[in-house]
Amino acid sequence: MAITRDEVLHVARLARLELTEDEVGRFQEQLSAILEAVSKVRELDLSDVPPTSHPLELANAWDDDIPHVCLTLDEVFANAPDREGDLFEVPPA
Amino acid sequence: MSFDLLRLSAESALALLEDGEVSTRELWDAYRARIDAHNEELNAFLTLVDEPDGDGVPIALKDVISTHGIRTTAGSKMLEGYVPVFDSTVAARCKAASMPVLGKTNTDEFAMGSSTENSAYGPTRNPWDPTRVPGGSGGGSAAAVAAGLAPWALGSDTGGSVKLPSAFCGNVGLRPTYGTVSRYGIVAFASSLDQVGPVTRTVRDNALLYRIISGRDEHDSTTVEVPAVVLPEGTDLNGVRIGLPRQLNEVEGIEPGVKAAVEAAIAQAASLGAKVEECELPLSVDYGMPCYYLIAPAEASSNLARYDGVRYGLRSEGADFREMLMRTRHDGFGDEPKRRIMLGTYALSSGYYDAFYGTAQKVRTVIKREHDALFEKFDVLVSPTCPTTAFPLGARSADPLAMYLTDVFTIPSNLAGVPSMSMPCGLSDGLPVGLQLIGPQFSENMLFKVGHALEQAIGFDPAPERLR
């Protein structure tokens, strides 16, 4: 199952990933081979099979509502690339 | 005082500390001396801690485990300068047990890989043969334990990242039942599969460390209460029912030396009293790899959306927000995360969701049911951890699909959500062979029991020959 060049560009846009010309070609080839292999899941008759999203049958994990000390603003911004006052600074949208 | 750090178990180290025969400082300095001597060659550690924090047995942590004040890169350029302002729950539990952190170990970027060659900080090398990979993604933790640079370590296992490197480096590696160990503060890859596990020199060490890190955590709502951990003793396997899935034991591509070592271990189990019988996993092995490489990338594409150059991590320059965002993600991610983000985004995108992601989730049910059915009849399933021993650096790195197939034996049980353990069962051409033990959910004590009995019977020497 081949993925087209346009599909590679479309998916990269959805994933907010800039790609170089070289990467587009390389990923098109590699993703085509991988998609071919993983398409095997479509061989099975799964009409009566429910999906599994989680290995444990858990429902509603309850915890008491206890206040915790939260991070200070300086801790929150400690790894930020850019800060202005108490805000994350980013280039204009 | 000198120590045989290649063979010293954490349990013995703890006894020496408690008896006052050695001080924390002496033990710490001994490991640091070995790290200084061997890390340049092996590249097992990415970051070292200078002073011990705690008076217990030191530990090494895979670099996807957030550590307060200690750089945590996840093997990625994206997090090159990232210093967490909080501890992951597993790091906090190690700290509470007074275990000083020696340092952070190398990993494939975001734990995506089977060889530790995908690290942005260079590959880790296998202590048994430095021309070969240590397995991945937790090759750093496995190499550190195998080379005596740490008495034990933690890894994380999504598709086999504890089990595979443990097999390639001759360690005991546990992938616990999903939900028994907190994921809070672990750099997320695929949330329905990620699980932290111990990498150790002995099965008893593994049980000791699992006891420390496991249990319900209010910071991770997928965690559950865990049965009390029993330290294994003795070698009696009477009454234990062992299944040998044909699809994991009798298929093409298993190296003869691997097959021989695994068969010898199975014969040992039978001589210790276990009842051994062939069985079938008709679909789990053939469909496991395709299923995994849809579910894991889909979850990864969502988890890795957080790297946006705003709150933490790398930021590249851009004229506007969108350009900054797209360039940051281009520059920060290596090829493997990019491939998985693309694959996952594709599998989740409009028009393909049902055909790929939805279908893979149904296949996961099929795999879970096949495992559950076998555990009606068996206590433990046994197989090689990997069809081969450690392969040469570069052998699979040009072909992503060939690399993905490395995990073909470790993936099925992970998708089923059951625990599994790799333990050394011998050598093939001088390289360790991993034996995989798989049990039903919450059967860690049974894995420890069978593993310990076999370990005593096999008598594997964990010291790599070239370092003895």
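Predicted model: local features only at pLDDT ≥ 70, side-chain atom pairs only at ≥ 80, totals over all residues.
Helix α12, chain B. I looked up which parts of chain B cover the buried residues of α12(B), and found among them the strands β7 (241-245), β8 (275-279) and β9 (380-384) as well as the helices α9 (284-303), α11 (335-348) and α14 (411-416). The buried residues themselves include B:Phe356, B:Tyr357, B:Val363, B:Ile367 and B:Leu374, but also B:Arg364, B:Glu370 and B:His371. I then checked the length of α12, residues 354-374 of chain B: at 1.5 Å a residue its 21 residues should span 30 Å, and because the end C-alpha atoms are 29 Å apart, the two values agree.

Helix α3, chain B. In α3 (residues 89-96) I noted B:Thr89, B:Val90, B:Ala91, B:Ala92 and B:Cys94 as buried, and I found that the buried residues of this helix pack against β2 (59-62), β3 (101-105), β4 (153-157), β6 (195-200) and α6 (203-213) of chain B. Just after α3(B), I noted a positive phi of about 65° at B:Ser98.

Chain B as a whole. I counted 15 helices and 11 strands, and I found the C-alpha atoms filling a box of roughly 70 × 55 × 45 Å along the principal axes. For 468 residues a compact globule would have a radius of gyration near 23 Å, so the 21 Å of chain B agrees with that expectation. Of the 468 residues, 61% count as buried, and among contacts between residues at least 6 apart in sequence, 77% join residues at least 24 apart.

Definitions and conventions: Residues numbered from 1 in each chain as written. Chains lettered and ligands numbered in written order. Helix = DSSP H or I, 4+ residues; strand = E, 2+ residues; numbered from the N terminus. Rg over C-alpha atoms; globule rule 2.2 N^0.38 Å. Buried ≥ 20, exposed ≤ 12 C-beta atoms within 10 Å, placed from the backbone. Contact = placed C-beta atoms within 7 Å. Expected span 1.5 Å × (residues − 1).
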